[in-house]
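Subject: Structure handover

Hello,

Here is the structure I promised to pass on. Please open it first, then read the notes below.

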Amino acid sequence: MASTSDEGAAAVVNPHEALLIEAAAAATAGGADHLPTSDFPTAAQHRLQARFAAHRARRNQDHRDLFLSPSFAGVVPDAVLSRLLSQEKGYADPRHSLVVWARPPHHIVRLAGHVQAELATAAPGLWLMPAHRLHMTVLEIAHSQPAAAIDALVSALRPALPPIADLTRTRRHAGAGTARLLRPQVSFDASGVALTFLPAAAQDDHAGSYTYQHLRRDVYAHVSSAVAAAQAATGGGGSSDLPPLASRYVYPSAHVTLARFVTAAELAAPEQRAAWVAAVDSVNAWLEADVWTTTATAAAGGGSVGEFSRDFCGEWAVGEENGLVVRAGTVWYGGGRTVAAGEGF
């Protein structure tokens, strides 16, 4: 289906729209042929949130079972990161990318640091993402390319990147909605650990019809339009030497990477894996009991929006404190260089 995204974006086949179409179609009597073009119904918000929740619950259960299985083959160390950490002479990460990130606000960074510290007690060899490098990938524009290909792409797209980076602020100031994330939970697999979030829905205070999935759709549409314009300007059309727009993250997930495994010796013994799973379960139980707090709960206790009586807050208005950031280069592990940064609110 052609995108119906934010103003100024060309009609494109948008992979991030599929979940929105599915959710809206299920909530609309007319089905997919009669989807609302602006409002996202309450029932659709609930369905979208449920899809995100089911995805992370299924993945966590699958990996929980895997880690506790006698046939578990061991964690999968990040070979590139291991070589970088060993300061291997002459080695550099060969994977260059161009991405759009959302930087977490201070209270989410603080929460992530607390979770990292708790999990490190069960896996002391984990590599922990430094606080200043924490990010959520909204869109991969291109990944795992030679440096020259990414440099050419940045040059071609540069005029279009600042408005994309500022999208969260301009939407908010125009009263067009703010994407909100909440209910953080630890998710893990054999390669690492992430803090995952759900998109806010109508039952959540201050949630609107504009969700995180809408934001991903709109960023993709704006980038697609910019890529098409750059290709046309070079006279290459679809045969341009620019790398294709290629995003790996199209599944229903919103995650911030917290840690990666860097040695096969980590969690090698069954009792170590059992302790690891127990630590994850414990952190997730704490998150649900003490951190899944809405602003309504805080306000009922006398606080205002953003003020919480408990120590940690798990709600994130995307664009709060930091606008979107376009990063280029070796962006794995929070690296690379900033080529455009939006203003936070």
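Val-219 touches Val-100, Val-138, Leu-139, Ile-164, Leu-167 and Leu-324, leaving out residues up to four places away in sequence. Touching, or contact, means heavy atoms within 4.5 Å.

A word on the source. This is a predicted model, where local features need pLDDT of at least 70 and side-chain atom pairs count only at pLDDT 80 or more, while totals for chains, interfaces and linings use all residues. Residues are numbered from 1 along each chain as its sequence is written, and side-chain values use heavy atoms, with hydrogens and water left out.

Val-219 is among the residues with the most contacts inside the largest nonpolar core, along with Phe-67, Leu-98 and Trp-276. That core has 90 residues. Such a core is a set of buried Ala, Val, Leu, Ile, Met, Phe, Trp, Tyr and Cys residues joined through side-chain atoms within 4.5 Å. Helix α8 (residues 212-233) gives the most to this core, with 8 residues.

Now the overall picture. The protein has 10 helices and 9 strands. These are DSSP runs, numbered from the N terminus: helices are H or I with at least four residues, strands are E with at least two. Of the 345 residues, 51% are buried. Buried means under 20% relative accessible area, with a 1.4 Å probe and protein chains only. Among contacts between residues at least 6 apart in sequence, 77% join residues at least 24 apart.

Next, a helix pair. The axes of α1 (residues 18-27) and α2 (residues 42-68) come within 8 Å and cross at roughly 130°. Axes are lines fitted to C-alpha atoms over the stretch in contact, and angles run from 0 to 180 degrees between N-to-C directions. On the α1 side the contact includes Leu-19 and Leu-20, and on the α2 side Leu-48 and Phe-52.

Two more residues to look at. Leu-242 is in the loop between α8 and β6 (255-260). Leu-242 is buried, at a relative accessible area of 11%. Its contacts include Ala-152, Leu-153 and Ala-230.

Trp-127 is in strand β2 (residues 127-128). Trp-127 is buried too, at 13%. Among its contacts are Leu-81, Leu-258 and Tyr-333.

Best wishes

How values were computed: Buried means under 20% relative accessible area, exposed over 50%, partly exposed in between (1.4 Å probe, protein chains only).
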